[in-house]
Amino acid sequence: QTPAMCLQFQDLAAKGGLDLADTVVAFGRLTAFRSLVELASTPALARWSDRVGRKPSLLLCCAGCCLECVLMASCTSLTTFGFVHIMAGAVASPN
């Protein structure tokens with residue numbers, strides 16, 4: 001997690017009316033949920049990687065990371081920020 005992501009989350013939370021304590025709790029929940037999504041999707045990515053090869057799976061993971069960065073930079077609400085971050089966790093496994 002980059003400091004820029006944390007700062008953007010904090011700015012969006014402040015715009016949404018969350019105080020600092022609620023922001024910390026929300027960020028912790030977001031991080032935990034993304035980790036669960038990564039944990040759940042890693043076996044499927046590993047099987048796919050075994051079937052099609054390592055390069056295509058790494059390309060998918062890198063493309064997913066790039067798309068996450070672009071979409072998160074353009075988020076204007078905490079809900080879309082969280083959704084993008086969690087969905088990117090599905091392809092975040094660096095098999």
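Is C61 buried or exposed? In this predicted model, C61 is buried, with a relative accessible area of 11%.

**View 1. A close-up of C61 and its closest cysteine sulfur, in C62.** Let's begin with the sulfur atoms. The sulfur of C61 lies 7.0 Å from that of C62, which is too far for a bond. A disulfide would need the two sulfur atoms within 2.5 Å. C62 is in no disulfide either: its nearest cysteine sulfur belongs to C66, 6.7 Å away. If you are counting, the structure holds zero disulfides.

**View 2. C61 and C62, viewed for their accessibility.** Here the two neighbours are worth looking at side by side. C61 is buried at a relative accessible area of 11%, whereas C62, at 49% relative accessibility, counts as partly exposed.

**View 3. Helix α2 packing with helix α4.** Now for a pair of helices. α2 covers residues 20-52 and α4 covers residues 78-88. Their axes are 8 Å apart and meet at an angle of about 30°, so the two helices are roughly parallel to each other. The crossing of α2 past α4 is right-handed.

**View 4. The residues where α2 meets α4.** Zooming in on the contact, you will find L30, F33, R34 and V37 on the α2 side. Facing them from α4 are F81, G82, H85, I86 and A88. By residue type, the contact of α2 with α4 divides into six nonpolar, two polar and one charged.

Key: Residues are numbered from 1 along each chain as its sequence is written. This is a predicted model: local features need pLDDT of at least 70, side-chain atom pairs count only at pLDDT 80 or more; totals for chains, interfaces and linings use all residues. Side-chain values use heavy atoms; hydrogens and water are left out. Buried means under 20% relative accessible area, exposed over 50%, partly exposed in between (1.4 Å probe, protein chains only). Axes are lines fitted to C-alpha atoms, for helices over the stretch in contact, and angles run from 0 to 180 degrees between N-to-C directions. Helices (H or I, at least four residues) and strands (E, at least two) are DSSP runs, numbered from the N terminus. Angles under 35 degrees count as roughly parallel, over 145 as roughly antiparallel, 65 to 115 as roughly perpendicular and the rest as oblique. A crossing is left-handed if the near helix is turned anticlockwise from the far one by less than a right angle, and right-handed if clockwise. Contact means heavy atoms within 4.5 Å. Ala, Val, Leu, Ile, Met, Phe, Trp, Tyr, Cys and Pro count as nonpolar, Asp, Glu, Lys and Arg as charged, and the others, Gly among them, as polar.
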